[in-house]
Amino acid sequence: MSNIMSKTMATNRRVQFLGFVLVATCYFFARQPSISQGERKELASKLHFDRFNLGVEDFALNGLKAKRAAHPSLDRISAWISGTGAAATLCDLDLDGLDNDLILVDTRVDRIVVMPVPGDEVHSKARYEAFALDVRDLPMNPNTMSPTGSLVGDFNEDGQADVLVYFWGRTPVLFLKHTHQTQASQLASSQFTPIELVPELVGTSAGRWYTHAATQADFDGDGHLDLMIGNFFQDGADILNEHGTGIATVMHEGKSRAKNGGGAKLFRWLSASVGNQPTVVYADQSSVLEKHCGKGWVLAAGAADLDRDGLPELYIGHDFGPDRLLHNRSQPGHLEFGLCEGVRTFTTPRSFVLGRDSFKGMGVGFGDVNGDGLLDIFVSNIADEWALQESHFLWVSTGNIDDFKHNRAPYEQKSEPYGLSRSGWGWDAVLVDLDNDGRLEAIQATGFAKGVVTKDSKLSWIDRTLFSAGFLQHGINRWAELQAVGTTNDRLIHDPRAWPKIQSPTATLSGYDNNPIYVSSASGRYVDISADIGMGDPFNTRGIAVADTDGNGSLDFVYANQWEPSVFFRNSIANHNKSLSLRLVLPLDDEIPFEIDPSAESVGSFAIGATATIKREPKTNPVSGTAQRTGLVSVAEVLSGVGHSGHSSQEIHFGLGEYPNATIDVELRWRTRKGHLVSRTVSIAPGRHTILLGTSSK
Amino acid sequence: MIQASNTIQTSSNPTVSVNATVSLYPNRNAHLRLFALWYFAILMIAWNIAGHTFLGFEQSWAMPFVAVLSACLAQIVLEWVDARSLGRKPRFSGSWLSFVNFLPPAMISGFACAMLLFPNERLGPIIFASVLSIASKVLFRIRLSNGSLTHFLNPSNFGIVVTLLLFSDVG
């Protein structure tokens with residue numbers, strides 16, 4: 001008997017050893033790739049930023065707010081309702097040739113503030129006093145309406161940069177800048193005339209819009225810029241009314257296919273006038289989008305010419321429903337889109353098919369990541385550890401652009417091999433070259449509710465005990481409650497009363513995430529180096545706006561933060577990399593000469609939709625692993641209003657690395673004011689250039 | 001308490017394999033154990049097919065296949081080594097039927113790992129979880145009073161929990 005016992009003991013050991021080896025081997029191969037400390041240090045040494053807090057506290061009318069005033073029926077989810085609104089746009093309002101004007105929505109102040117970016121060394125003193133944009137005579141009830149973002153463009157086609165401001169609680173307002181203002185006079189609120197985008201809805205309950213995305217592009221190719229406005233809650237909801245009765249709104253009708261939100265609206269440009277009483281009139285053509293999207297819960301949008309046919313496609317990020325990629329099939333005056341979806345294979349997770357996902361779609365950014373001359377799409381979802389592991393999307397172009405015509409989206413989801421799958425509760429997602437090395441970096445806004453517990457907080461006895469014991473320094477984590485929403489029956493969550501309590505100011509939901517700054521490592525995978533360059537703060541960010549604010553060839557950016565100061569980061573990299581910045585200006589009259597760096601003051605507006613394509617030195621892409629050579633062609637497009645709430649400069653920017661040649665060939669393509677597609681190749685020196693896109697041959 | 005018995009009743013039917021857990025079933029009935037295993041395995045197959053076709057499982061189609069395959073392979077290898085070193089015949093040998101009847105425990109663990117874990121598009125963590133589930137049956141064993149060894153952890157639950165703890169990127 002003892003003999004048998006010892007024999008089984010010995011065999012047990014042998015099998016156990018083998019089992020251990022099997023498990024250890026599988027563990028070894030299942031690990032995520034990582035980089036050495038040395039490489040991390042080297043990557044971090046490429047970037048450096050000086051930070052400036054954006055002080056707008058003086059604009060607060062009744063003290064700084066810490067949460068949204070909300071309808072009583074939404075009180076139990078007050079932290080969720082308070083989750084959005086911070087926004088930033090970088091632009092050139094004073095026409096000094098630099099995108100150094102910032103339009104900021106700070107939710108604590110709850111107003112639209114225009115200010116020069118801080119640390120402006122080009123000028124000895126501030127160019128103008130910061131001011132708030134005021135709607136003047138237009139109806140505005142601060143108790144039920146709050147600004148949630150801005151979009152800059154020349155809406156009435158007079159060569160001045162106008163501002164569209166969108167809100168929770170009302171329809172958007174266009175602030176049209178006066179033409180007669182001379183360059184010498186300082187920028188001020190009085191130079192903007194507010195007019196309604198949708199005058200017929202003013203004062204009606206249907207006019208209570210909850211907008212979270214606005215983008216502009218010439219969708220029908222008629223030479224005029226059209227607008228897409230994306231709304232979140234149902235139009236007519238009563239979200240911000242503290243004295244409301246009944247139920248403020250119907251929530252999502254499900255968690256994966258909700259089509260009962262505000263929906264994406266489309267406005268086709270009809271006519272405009274300039275002068276002291278400027279106007280611009282749009283035709284509401286929202287049904288063109290609703291046909292394909294229903295009324296989604298829009299959180300992000302972007303328009304860009306993805307198939308290079310000269311008409312911009314539209315990507316719409318939906319909360320609680322699939323994102324939508326619409327192929328543009330419009331004719332001048334007639335808007336038409338086709339819904340494109342990706343293809344699923346044996347190894348594709350369900351949501352990794354474009355247009356079929358159930359993820360949250362909270363930010364979108366365009367950039368040519370794989371260097372094939374076609375734009376790729378970076379999309380934020382919720383992908384936070386110990387919370388909810390969706391996956392961010394990096395839709396990488398396959399190159400089969402004919403697929404668009406057959407309603408197929410020629411994109412593969414590659415965030416995992418590129419290392420961009422997870423970071424936190426994501427919002428704006430941008431692809432930009434911060435160190436001018438020719439490879440795009442990625443920055444992502446993250447965070448949701450940054451709870452704080454103090455001695456005076458209303459706490460349950462158990463939370464009180466935990467707080468006394470030194471816990472809950474970062475608020476009360478309400479992810480368990482939100483996960484309960486995730487497992488709730490789809491038929492219940494449309495009623496806000498069925499949601500668990502997620503209340504400000506104590507509730508924390510991924511609020512202490514850092515905003516990742518991703519740099520491409522030697523293997524081609526992106527690595528977050530934000531903490532290594534001293535930017536790993538737990539910013540609670542919604543919007544990221546990027547621009548070369550000082551004209552030195554490197555990109556600076558703003559984090560628009562929720563319930564905390566927003567921050568401006570000035571790029572102070574020191575390297576020998578060159579860059580090419582192009583301000584593509586569409587003149588008011590097509591029939592003037594094409595001119596690089598025009599000597600005289602040229603009046604025009606950014607040629608939104610124009611593209612620039614450059615050829616680079618051949619490089620192999622380590623990520624794709626195949627023999628495919630990439631980085632050969634890079635494309636960039638003049639874009640406006642891409643993302644969630646951060647809107648970047650309308651300048652085109654290419655990092656060139658240590659570019660050895662004196663000039664670089666750039667193929668430009670744009671649509672004239674008359675609607676003709678024109679292309680032209682120029683050979684110019686690296687650096688900053690303004691190009692006047694005239695068509696006259698003289 | 002489990003009554004000690006120096007000899008485990010071997011079934012007259014050679015296709016019904018016998019192992020230590022049989023002593024935990026009423027009357028040490030190997031058929032009852034087999035019925036329970038197949039019942040659960042078939043349930044898991046049905047549940048996975050429904051999940052992937054219309055219930056909206058996030059995982060790729062590849063995951064249940066890879067998980068079940070790696071769990072089965074791990075179980076075969078470990079049983080083969082165990083049997084060899086003990087000088088007995090592996091429980092999957094003998095007939096086609098005994099081979100098939102050997103697989104349900106691995107299928108159950110594999111399907112469970114593939115439907116309860118979401119490792120993005122990566123198959124590695126799923127393979128790890130499945131192999132660990134099966135290996136846990138030899139890594140963590142106790143001796144019954146009859147001298148035979150049996151595992152005491154729920155294999156798939158153990159594999160899933162350890163995977164979640166080791167891989168913070170797996171949801």
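Me: In this predicted model, how many residues does helix α5 of chain B have, and what distance does the helix reach from its first C-alpha to its last?
Reply: Helix α5 of chain B covers residues 124-139, which gives 16 residues. At 1.5 Å a residue, 22 Å would be expected. The distance from the first C-alpha to the last is close to that, at 21 Å.

Me: On which residue is the kink in α5(B) centred?
Reply: The kink in α5(B) amounts to about 25 degrees.

Me: Why is α5(B) described as largely enclosed by the rest of the structure?
Reply: A residue counts as buried under 20% relative accessible area. The helix α5(B) is largely enclosed because, of its 16 residues, the number buried is 14.

Me: What pattern does chain B follow along the sequence?
Reply: Chain B contains six helices and two strands. Of its 171 residues, 53% are buried. Among contacts in chain B with a separation of 6 or more, 60% come from residues 24 or more positions apart. Read along the sequence, the pattern is α-α-α-α-α-β-β-α.

Me: How many disulfides does the structure hold over all chains?
Reply: A disulfide needs two cysteine sulfur atoms within 2.5 Å. For B:Cys72, the closest cysteine sulfur is in B:Cys113 at 12 Å, too far for a bond. For B:Cys113, the closest is in A:Cys26 at 11 Å, also too far for a bond. Over all chains, the count of disulfides is zero.

Me: Is B:Cys113 buried or exposed?
Reply: The cut-off for buried is under 20% relative accessible area. B:Cys72, at 10% relative accessibility, counts as buried. B:Cys113 has 0% relative accessibility, so this cysteine counts as buried.

Me: How many aromatic pairs are there over all chains, and how is the pair of A:Trp168 and A:Phe233 classed?
Reply: The count over all chains comes to 39 aromatic pairs. In the pair of A:Trp168 and A:Phe233, the ring centres are 5.4 Å apart and the planes stand at 80 degrees. Planes over 60 degrees apart make a pair edge-to-face, and this pair is edge-to-face.

Me: How many residues apart in sequence are the parts that A:Trp168 and A:Phe233 tie together?
Reply: A:Trp168 lies in strand β7 of chain A, and A:Phe233 in the loop between β11 and β12 of chain A. Both A:Trp168 and A:Phe233 are buried. They also belong to one aromatic cluster, whose members include A:Trp80 and A:Trp499. The parts tied together by the pair are 65 residues apart in sequence.

Me: Where in chain A is A:Trp563 found?
Reply: Phi of A:Trp563 is near 60 degrees, a positive value in a residue other than glycine. With 19% relative accessibility, A:Trp563 counts as buried. Its place is the loop between β31 and β32 of chain A.

Note on methods. Residues numbered from 1 in each chain as written. Chains lettered and ligands numbered in written order. Predicted model: local features only at pLDDT ≥ 70, side-chain atom pairs only at ≥ 80, totals over all residues. Heavy atoms only, no water. Helix = DSSP H or I, 4+ residues; strand = E, 2+ residues; numbered from the N terminus. Expected span 1.5 Å × (residues − 1). Bend = angle between axes of the 7 residues up to and from the residue. Buried < 20%, exposed > 50% of the residue type's maximum accessible area, 1.4 Å probe, protein only. Phe/Tyr/Trp six-rings, centres within 6.5 Å; stacked < 30°, edge-to-face > 60°. Contact = heavy atoms within 4.5 Å.
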